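Try each task yourself before you read the solution.

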Amino acid sequence: MTKSDPFGFDMSVRSAKKKNPRGRRAATGASETSVRVCDKDGCEEAGKFRAPKAPDVLDDFYWFCQEHVREYNNKWNFFEGTTEAELNAQRSKDKVWERETKPMGDPEARAWARLGIEDPHQVLGANATQNPGRAAKTGRRLPPTERRAIEILEAKDDWSKADIRKAYKKLIKVLHPDMNGGDRSQEEQLQEVMWAWDQIKDSRSFK
């Protein structure tokens, strides 16, 4: 049961079809309002049945009478001109209704991929593989001051005290003003090197 619209409008689908009869189709698929002539050469029958012009042009149509649309449909081949590889690819897509399963993977990697970065380590550049992290560090335990001293002297914790002294002297030659023409711009770094050697020379951690 329908109620009358107080404003006098009829919004029903049936009313819309009456006002705009374009595109009305019969049960056979014929366009009842078509005034075209069949596109088959020599045919003068009404062209009430439409058919796409080509597999890659599905929105442009021929208009045929019923006899000739059947003839056209019998010859229709959607895969005409398709290679075997393309045909197999289409069959694979059709099996899943063209909704291919997304590959499983690390969600963090997918997030980086949206930024155009295939490998998250690319963000670190050349240093990506140079820092193995705490878990990969090997070596003996040293007091924090001695560990810092080793870093300043660019030495290793398995070196002997004599080897570290050589590294110390090498740095002194580079940083001391008397060794580089009186340049005092590196005095702060020189003080750090001297402090570092003071930590190592009296240390019992190195032979």
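**Exercise 1.** Which residues are linked in a network of salt bridges?

*Solution.* Keep in mind that you're looking at a predicted model.

Step 1: Recall the cut-off, a Lys or Arg side-chain nitrogen within 4 Å of a carboxyl oxygen of Asp or Glu. By this rule, the count comes to six salt bridges.

Step 2: You'll find K40, E71 and K75 linked in a network.

Step 3: Check one pair from it. E71 and K40 form a salt bridge with an N to O distance of 3.3 Å. These two link distant parts of the chain, 31 residues apart: E71 belongs to helix α2 (residues 66–75), while K40 sits in the loop between α1 (13–19) and β1 (49–54).

**Exercise 2.** Are E71 and K40 buried, partly exposed or exposed?

*Solution.* Step 1: You need the limits: buried is under 20% relative accessible area, exposed is over 50%, and partly exposed is in between.

Step 1: E71 has 30% relative accessibility, so E71 is partly exposed.

Step 2: K40 comes in at 33%, so K40 is partly exposed too.

**Exercise 3.** Where do R148 and E151 lie, and where do D198 and K201 lie?

*Solution.* Step 1: Start with R148 and E151, whose side chains meet in a salt bridge at 3.5 Å, N to O. Both are in helix α5 (residues 144–152), three residues apart, which is about one turn of the helix.

Step 1: Now take D198 and K201, a salt bridge at 3.3 Å, N to O. Both are in helix α7 (residues 187–201), again three residues apart, or about one turn.

Step 2: R148 has 40%, so R148 is partly exposed, and E151, at 49%, is partly exposed.

**Exercise 4.** Which element gives the largest share of the lining of the second largest pocket?

*Solution.* Step 1: Find the pocket, with its volume of about 170 Å³. It has 12 lining residues, and F64, E71, Y72, K75 and W76 are the closest to its centre.

Step 1: List the elements that give two or more residues to this lining: β1 and α2. The largest share, four residues, comes from α2.

Step 2: Sort the lining by class, and you get five nonpolar, two polar and five charged residues.

Key:
Residues are numbered from 1 along each chain as its sequence is written. This is a predicted model: local features need pLDDT of at least 70, side-chain atom pairs count only at pLDDT 80 or more; totals for chains, interfaces and linings use all residues. Side-chain values use heavy atoms; hydrogens and water are left out. Buried means under 20% relative accessible area, exposed over 50%, partly exposed in between (1.4 Å probe, protein chains only). On a 1 Å grid over the protein atoms alone, a cavity is a set of points where a 1.4 Å probe fits but cannot get out, and a pocket is an open set with protein on both sides within 12 Å along at least five of seven lines; lining residues have an atom within 4 Å of a point. Grid points are joined across faces, edges and corners, and a volume is the space filled by probe spheres set on the points. Ala, Val, Leu, Ile, Met, Phe, Trp, Tyr, Cys and Pro count as nonpolar, Asp, Glu, Lys and Arg as charged, and the others, Gly among them, as polar.
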